[in-house]
Amino acid sequence: MADYKDLANLMFPDITETVDDLEKRYPARNLPEGAQVTRFAPSPTGFLHTGSLFTALVGFKYAKQSGGVYMFRLEDTDTKRTIAGSGDELIDQLGNFGIVADEGYWPDGDRGAYGPYQQSKRRDIYRTVIKHLVEQGKAYPDFCTAEDLEKIRAYQEANKILPGYYGEFARDRNLSVDEQIARINNGEPYVVRYKSHGDHNNKVSFVDAIRGKLDIAENDVDVVILKGDGLPTYHFAHVVDDHFMRTTLVSRGEEWIPSTPIHLDLFSALGWEPTKYAHLPVIMKLDNGNKRKLSKRKDPEAAVSYFLQEGYPTKGLLVYLMNIANSNFEEWTIANKDFELSHFQFSFEKMSLDGALFDIDKLQYFCREVLGAEHADTIVPAAKAWAKENNEKLYAKISADEAYVSRIVNIDKDKQNPRKDFANYAEIETKTRFFYDEDFAPIKAAGFPFNEKFDKEFVKSFLADCAENMIYGVDEMTWWNGVKDLAAKNGFATNNKEYKANPTAFKGNTGDAAELIRIALTGSKMAPNLHEVIEILGKDRVVARLLSAI
RNA sequence: GGCCCUAUCGUCAAGCGGUUAAGACACCGCCCUCUCAAGGCGGGUUCCCGAGUUCGAAUCUCGGUGGGGUCACCA
């Protein structure tokens, strides 16, 4: 009579290492008290999702502030969905946000002593552990085909029984070892399942770092742990990897809550202490009045690359996500004007429990704050680097005359309340077009919005007078007094009270006069500080624009 | 459908048995003002519903309801 050991040897003839060997190869980490080991473990199946960045940020922050270790692990066990190169892209994009792992998978080779950090390269580790389980009768080969499984499910559905491969429905669970061996020798394909002894009517509880004590039905499903292709399923890989990588806290999306009992079951079967868990809320989006997860297909903002392409500063996005992560964060940013994200003390207790709706307005607000607090010396180089890939026009402008762009970006930057014009780098181009003659031409061609109450000839003569007598190179006060003189000379009221008392006595007020100049120079009723605009444009262009406005 | 998570302004949210129920974004109004941006001031039937516990409930309990998730050889 054959026993489990024979079965295990038949299934894994090449495995000579034991679980004990693995324990020795991956010893407990020597870290200070309280240091946390976290990880970000994406599948290389496409671009970096906004929700993934959120998860990555939280894990990174938590490890860093505790003096611990942050790992990057590539979960590439789904060979069908794997997209070549996307793992490297993920790392690259995370790098844009300053989220760099201490150890893990790296395009040019793993870093760290707990690797490999790519699941497809950990095959033998999983097989070693599974061999151990088979030897103990805690895992078994299952020969069911897709059709067999389908039949079981159809029966369960028809009889309104809980679907799944468990208990009496686990067809191959109690095959004799002799039969198992015979069928394997016969070349029948199989997967390996974990033999659960859980009871669905019992509850397991665990303490979630965010949600507190959670009580969920015990797992009783004989889950697949090794797929037909020889690679493990997520459930098994998670337990094995996070055990041997000595992870202390697993932060992942809340969609994993229902399968946590499986993981707890597996940890316990292996005699290992489970990791702590933090199940993060998922970022949602309002769609026709319904909340739903940000969708890769439908929502451009689901892809982090979207924000990068649009030119949002990475810090702005990080700040927005941290604002979702911790309710006290925004208050902290206001109290700490020139804050550095790394100085903020993140905590799971301050995390809300349900998914936030993605709010582009709020993101833009934070981005304006971030860019508003910076000066041209940092904004322009960043904008240039961004524009090189994403905005030909802006790139050309910065390349042609970086100092000129810098002067524009710095308008009103040194005032008490600096301007906050730009939410992203793209707006530097779109909001400053009038500073460029080639862009000003089409604005002009589209027609200037001069106030209809002034007749053309009057506007023309007023602007001509301005062209002749505008003062340059002086401080704003002096310049403005000059404008007021010009306005008065042309029949405008310089005192608004007088104007209001007797409007018919004047052509308009100083505001009207300034508006005419503004439109002539910028083509718009809205523009930043006229004095700065004039100084940046320079006398020649100011004169030319005033003279040709109408 | 079973199970799980969750519920305070439009959005993000503070709140932890007694509060005039903070604050931020967005919106609206006013002020400042050469316009805009910024800034200042102000505004809006916000505690899902129903029972219960209690002198007293946004807060505790139970039951509904809504929203989300999950039930794969995907993660």
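Reader: Which residues of H5 are buried?
Author: In this predicted model, helices (H or I, at least four residues) and strands (E, at least two) are DSSP runs, numbered from the N terminus. A residue is called buried if 20 or more other C-beta atoms lie within 10 Å of its own, exposed if 12 or fewer, and partly exposed in between, with C-beta atoms placed from the backbone. H5 is mostly covered, since ten of its 13 residues are buried. Those residues are Ile 125, Tyr 126, Arg 127, Val 129, Ile 130, Lys 131, His 132, Leu 133, Val 134 and Glu 135.

Reader: How far apart are the end C-alpha atoms of helix H5?
Author: The expected span of a helix is 1.5 Å times one less than its number of residues. For the 13 residues of helix H5 (residues 123–135) this gives 18 Å, and the value computed between the end C-alpha atoms agrees, at 18 Å.

Reader: Which residue with a positive phi follows H5?
Author: The phi in question is near 75°. The residue that follows H5 with this positive phi is Gly 137.

Reader: How are residues and chains labelled, and what pLDDT do side-chain atom pairs need in order to count?
Author: Residues are numbered from 1 along each chain as its sequence is written, while chains are lettered from A and ligands numbered from 1 in the order in which they are written. Because this is a predicted model, local features need pLDDT of at least 70, totals for chains, interfaces and linings use all residues, and side-chain atom pairs count only at pLDDT 80 or more.

Reader: What is the radius of gyration of chain A?
Author: The secondary structure of chain A comes to 24 helices and 14 strands. The globule rule, 2.2 Å times the number of residues to the power 0.38, is set against a radius taken over C-alpha atoms. For 550 residues the rule gives 24 Å, and chain A is more spread out than a compact globule because its radius of gyration is well over that, at 33 Å.

Reader: How far apart do the C-alpha centres of domain 2 and domain 4 lie?
Author: Domain bounds come from an automatic or database domain assignment, which divides chain A into domain 1 (4–16 + 123–280), domain 2 (295–373), domain 3 (376–428) and domain 4 (441–548). Between the C-alpha centres of domain 2 and domain 4 the distance is 41 Å.

Reader: Is Lys 160 buried or exposed?
Author: Lys 160 lies in the loop between helix H6 (146–158) and helix H7 (177–185), and its phi is positive, about 55°, although it is not a glycine. Because Lys 160 has 7 other C-beta atoms within 10 Å, it is exposed.

Reader: What does Arg 246 count as, with 16 C-beta neighbours inside 10 Å?
Author: Arg 246 has its place in the loop between helix H8 (234–244) and strand S9 (249–253), and it too is not a glycine although its phi is positive, about 60°. Because Arg 246 has 16 C-beta neighbours inside 10 Å, it counts as partly exposed.
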